[in-house]
Each structure stands twice: as structure tokens, then as C-alpha cells.
Amino acid sequence: GVPVGNWEDKQNATNPIARWLYQNFLDSIKELLLPLRTEIGTIVEVGCGEGNIALFLSRLDLANTIKGCDFSEKIIAVARENAKATSLAFYCKDIYHIDEQEQADLIVCCEVLEHLEVPEMAIEKLVSVTNKYCLLSVPNEPVWRLLNICRGKYIKDFGNTPGHLNHWSSRRIVEIMSKYFDVVSVAKPLPWTIILGRKKKGNA
């Protein structure tokens with residue numbers, strides 16, 4: 001019953017432009033994280049969806065343990081099916097209730113905050129469970145809406161994807177992230193903003 005947007009299998013999109021954009025997104029994540037290989041032993045993806053990013057990270061051999069959680073039983077079932085030949089673990093939990101079970105060296109949270117009514121509360125939860133780093137992505141506005149309009153989507157809503165409650169430019173989301181993390185790197189693969197942050201000293 002929660003509008004999570006245009007749920008699409010980006011990994012297997014038939015549109016060549018969509019596939020190219022998504023591959024650029026994954027390549028940007030790879031570029032940000034590979035230098036941290038020796039620092040990361042555990043990864044938890046919060047809001048893992050169908051598990052595509054967790055599976056991608058597992059192929060990079062970044063960590064010994066990777067798991068993911070999401071609020072939706074249905075999408076967790078999809079993630080488990082996608083990962084049935086791997087050691088990845090997926091389970092149900094929403095971002096507002098993550099706790100010591102999600103403690104990890106790297107917390108990944110991609111395409112989640114734009115759907116939340118209280119996004120900064122969610123970021124505070126991410127801070128509380130990461131030991132070292134957080135990788136976060138959101139749509140880059142207004143580029144996201146413009147691209148939706150160009151492909152004839154959501155015209156009545158001025159290109160806003162259903163379920164997107166928050167809209168940040170790259171500059172604004174970096175400002176928000178900087179309140180909670182030391183920003184290490186920022187990537188802007190069209191049409192996303194991806195931020196790698198290090199936990200600030202003194203943050204619980």
C-alpha cells in the first residue's frame with residue numbers, strides 16, 4: 001500500500017538508454033568503493049529492494065558478509081530468489097527500526113530517502129549503525145523530473161515519480177549528508193547523486 005515509485009527491474013531493462021544509465025550508476029558505485037576494499041569487512045544495504053546492488057557488491061569481493069533489508073515482504077522474496085545461488089541474506093525491516101543487527105563497516109542506502117516522510121530521521125539511523133562508511137544515493141533534481149518528462153512519464157505531476165516525497169539537488173543532499181558524515185566523495189551519474197560519507201568522530 002506504500003507508493004514506492006516506478007518499480008522497474010533496472011538490471012534487466014530492455015531500453016538501451018535505461019541500461020546504459022543504470023550501468024553508469026553501478027560503475028560509479030564501484031569507483032567510489034573499490035579504494036575501501038581493505039577497510040570493509042561487512043556491508044548492509046538498507047532498503048535493498050530486489051537485491052541488485054547487494055549482488056553487484058558481492059561480485060566486487062568487497063566484504064566477507066553482505067546482507068540487505070527492506071520493509072516489503074514481497075520485494076524481499078524477490079531479492080531472495082535473485083540471490084538463491086549466493087550466501088547473501090535478505091530480511092524484512094524498515095529503515096526507521098534498524099539497530100545493532102544492521103551494524104556494519106559500510107551501510108548502503110540507495111533510492112530510499114526520496115520516499116520517506118522523515119528522511120533526516122532515517123539518516124540518523126544510518127549514522128547509528130555504521131562503523132565507518134555510508135553510501136547513499138538519491139535522484140538528482142530537477143534532472144530526474146526533466147528526464148521523466150522527456151520520456152513521456154508522469155506529465156500531470158511535472159515529471160515527479162509516484163512516491164517521491166522529497167526532491168534534492170546534488171548540492172542540497174550533500175549539505176544534508178554533511179551534517180551527519182564527513183563527505184569523502186560525490187558522484188553524479190545521470191540522473192543520480194551518489195555520496196560516500198565517513199562517520200564523524202563522536203557520532204554514536
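Start with the largest nonpolar core, which has 35 residues. Here a nonpolar core is a set of buried Ala, Val, Leu, Ile, Met, Phe, Trp, Tyr and Cys residues joined through side-chain atoms within 4.5 Å; buried means under 20% relative accessible area, with a 1.4 Å probe and protein chains only. Select Phe25, Ile29, Leu33, Ile43, Leu57 and Leu135, the members that touch the most others.

Now colour helix 1 (16-33), helix 2 (52-59), helix 3 (73-82), strand 4 (104-110), strand 5 (130-139) and strand 7 (192-199), each of which supplies at least two residues of this core. Helix 1 gives the most, with seven. Helices (H or I, at least four residues) and strands (E, at least two) are DSSP runs, numbered from the N terminus.

A word on the model: it is predicted, so local features need pLDDT of at least 70 and side-chain atom pairs count only at pLDDT 80 or more, while totals for chains, interfaces and linings use all residues. Residues are numbered from 1 along each chain as its sequence is written, and side-chain values use heavy atoms, leaving out hydrogens and water.

Next, centre on Ile43. Leaving aside residues up to four places away in sequence, Ile43 touches Leu57, Leu62, Ala63, Thr65, Ile66, Lys67, Ala104, Leu106 and Val108, where contact means heavy atoms within 4.5 Å. Then pick Val46, Tyr91, Leu136 and Phe181, which belong to a second, separate core of 27 residues.

Finally, show the cysteines. With a disulfide taken as a pair of cysteine sulfur atoms within 2.5 Å, the count is zero. The sulfur of Cys110 lies 7.1 Å from its closest cysteine sulfur, in Cys109, too far for a bond. For Cys134, the nearest is also that of Cys109, 6.5 Å away. Cys110 is buried at 5% relative accessibility, and Cys134 is buried at 0%.

Terms used:
Buried < 20%, exposed > 50% of the residue type's maximum accessible area, 1.4 Å probe, protein only.
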